[in-house]
Amino acid sequence: MRESESDLFSLAGGELPLSNRGQLELLYGMRERDAGLRTVVRGGSMAPFVRDGDVVVVAPLRGVAPRVGEVVAVELARGATLAVHRVVRRSHRGVLVRGDNAAAADGVVPPPSVLGRVVRVERGERRVRFGMGPERRVIAALSCLGLLRPLTGAARRAYHALAYTRR
């Protein structure tokens, strides 16, 4: 009998609440076993594409380096914390990652600290696709230039202004 994709990322009996450090350690263990992880994202550094409370599925890299625009799970050196951020540039030393809503990049992350790629984002009962498809390269370029955050902020303000005037 073949397991469904959701069975591969489920814990029998419910959820296992973990701290950021606990999730980081679990991802290292899952990478050793070539397994994925389904977890809840906390924080707004990836808004609006990945929001606080969204569920992400992190899959192993399986020897394929992450591409510019992909969202990855990484260990940030400055405190051994787990972050789910977008690759905005690649170099011989690793990947430069940045949250879509972050004021600055996190710095270059060496290959051993890249723990997996985000292959799915779920918000409530639906799958979020925008920001994960071909447009991810444009998002990465805008982020690398420091333009993404101001553009998404302006779009959010315009949306709220339109919603307010329609009342």
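Helices and strands are DSSP runs, numbered from the N terminus, and the legends below use these element names for a predicted model.

**View 1. The second largest pocket and its lining.**
In this predicted model, the second largest pocket holds about 320 Å³ of space. Its lining is made up of 19 residues, and those nearest the centre are Asn 20, Gln 23, Val 40, Val 41 and Arg 42. Helix H2 (20-32), strand E1 (37-40) and strand E4 (81-91) are the elements that give two or more residues to this lining. E4 supplies the largest share, four residues. Sorted by class, the lining has ten nonpolar, eight polar and one charged residues.

**View 2. The salt bridge between Arg 38 and Glu 122.**
The side chains of Arg 38 and Glu 122 meet at 2.5 Å, N to O. Arg 38 belongs to strand E1 and Glu 122 to strand E7 (residues 114-123), so the pair ties together parts that are 84 residues apart in sequence. Arg 38 is partly exposed, with 39% relative accessibility. Glu 122 counts as buried because its relative accessibility of 15% is under 20%.

**View 3. The salt bridge between Arg 120 and Glu 122.**
Glu 122 also forms a salt bridge with Arg 120, where the closest N and O atoms are 2.8 Å apart. Both of these residues are buried.

**View 4. The salt bridge between Arg 67 and Glu 70.**
The N to O distance for this side-chain pair is 3.4 Å. Arg 67 is partly exposed at 45% relative accessibility, whereas Glu 70 is buried at 9%. The model has ten salt bridges in total.

Definitions and conventions. Residues are numbered from 1 along each chain as its sequence is written. This is a predicted model: local features need pLDDT of at least 70, side-chain atom pairs count only at pLDDT 80 or more; totals for chains, interfaces and linings use all residues. Side-chain values use heavy atoms; hydrogens and water are left out. On a 1 Å grid over the protein atoms alone, a cavity is a set of points where a 1.4 Å probe fits but cannot get out, and a pocket is an open set with protein on both sides within 12 Å along at least five of seven lines; lining residues have an atom within 4 Å of a point. Grid points are joined across faces, edges and corners, and a volume is the space filled by probe spheres set on the points. Ala, Val, Leu, Ile, Met, Phe, Trp, Tyr, Cys and Pro count as nonpolar, Asp, Glu, Lys and Arg as charged, and the others, Gly among them, as polar. A salt bridge is a side-chain nitrogen of Lys or Arg within 4 Å of a carboxyl oxygen of Asp or Glu. Buried means under 20% relative accessible area, exposed over 50%, partly exposed in between (1.4 Å probe, protein chains only).
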